[in-house]
Amino acid sequence: MAKRKRGRDRSDRMETLADLTPENLKKSTSEDARKARTAGQVSSEEQADWDARVAEAKANRSSRRTLAPLVIAGGAVAAVVGVIVWSAVSSGGPVTVESMPTPVIAADEAGSAVYPANSAEAVRENVRFGFAPAIDLVELRDGTVVLGAGDGEDVYSAPYGELTAEEFADASIPAPRDDTNAGTPATWAEVFADYGEDTIFLPAVDTSGELEAVLSSAAEAERQDAIIVRTSDEGLAQQAAQAGAVALFDGDVESSTPDELAAAGYWGAAIPADTSGLDDWTDTVLSIWVEGQVPADDMQELVDAGVDGVLTADPFAVRGDEEA
């Protein structure tokens, strides 16, 4: 898949996934997002269409797993319409890699500075607040692909490769701060079934088993065009591209060049936010993302330079919102 053309005027106000509600949020506060309503000029026809879509989505999800809302910053997060869905309403179909508005703010480990890392609740909140879930995947003893990072010892007191599906599901994921509830472990199949039509996913994969789980779920839903596979393995990157997804290089960029990565089949590359010589990367065919904590005031400069997205553990800070 070719990199999206940069034809739009990057001096315009940044548009993110969270701008695409009926009210076309300008730069919402957390309170705006919680209410999913802001002051804006929306026609009655647009609002009626949106309400109908929301009602249909709620009906379709009535059989899904129910998760208690996270308690964050001393208050319960209210039910909020998934703002990414408005992209589907406005574009005539579910959001894809090609149709996603830039810059995309991707929640690394599903936003581990705010939510329990790689948890079911974190992914849910990513979608509700307009962030793309950038999750990590690992395999359990029986080959089940689940959300998780590291060796598993810190959360499950055993390596992921020694856990049964039952042992994994029975655990809880520690919260990153005292005023947030613990999180629920989740499998890749669960989160993709729940939200695969609502957003793009950026799963990080290291093994062929993890990649196969991602690609098979996407193929079954005909959503390969909504998957950005993060990997430093050229073989896995090529497999992803052959299956209709795209691959984002997430290895050491100091030992690679843009031309080498493009030749290896990569669609894009994630580079540290403090990397020098940013223009050497953005002036290429690759889609360039920065990773790390980027001050909200610096985002427009990055967008003007040609950056398409940011991978960050605290997506609210990057967007300039108050914390959820």
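This report describes a sheet and the nonpolar cores of a predicted model.

Residues are numbered from 1 along each chain as its sequence is written. Local features need pLDDT of at least 70, side-chain atom pairs count only at pLDDT 80 or more, totals for chains, interfaces and linings use all residues, and side-chain values use heavy atoms, without hydrogens and water.

**The sheet**

Seven strands form an open sheet in the order S4-S3-S11-S10-S9-S8-S7, and the pairing is parallel. Strands are DSSP runs (E, at least two residues), as are helices (H or I, at least four), numbered from the N terminus. Two strands pair if DSSP finds at least two bridges between them. S4 (132-134) and S7 (228-231) are the edge strands, each pairing on one side only.

| Pair | Bridges | Opposite residues |
|---|---|---|
| S7 and S8 | four bridges | Val229 and Ala247 |
| S8 and S9 | two bridges | Leu248 and Gly268 |

Is strand S7 covered on one face or both? Both: Ile228 and Arg230 are buried on one side, Val229 and Thr231 on the other. Buried means under 20% relative accessible area (exposed is over 50%, partly exposed in between; 1.4 Å probe, protein chains only). In a regular strand, side chains alternate between the two faces of the sheet.

**The cores**

A nonpolar core is a set of buried Ala, Val, Leu, Ile, Met, Phe, Trp, Tyr and Cys residues joined through side-chain atoms within 4.5 Å. The largest has 54 residues; Ile135, Trp188, Phe201 and Ile227 have the most contacts inside it. Apart from it lies another core of 17 residues, including Met100 and Val246.
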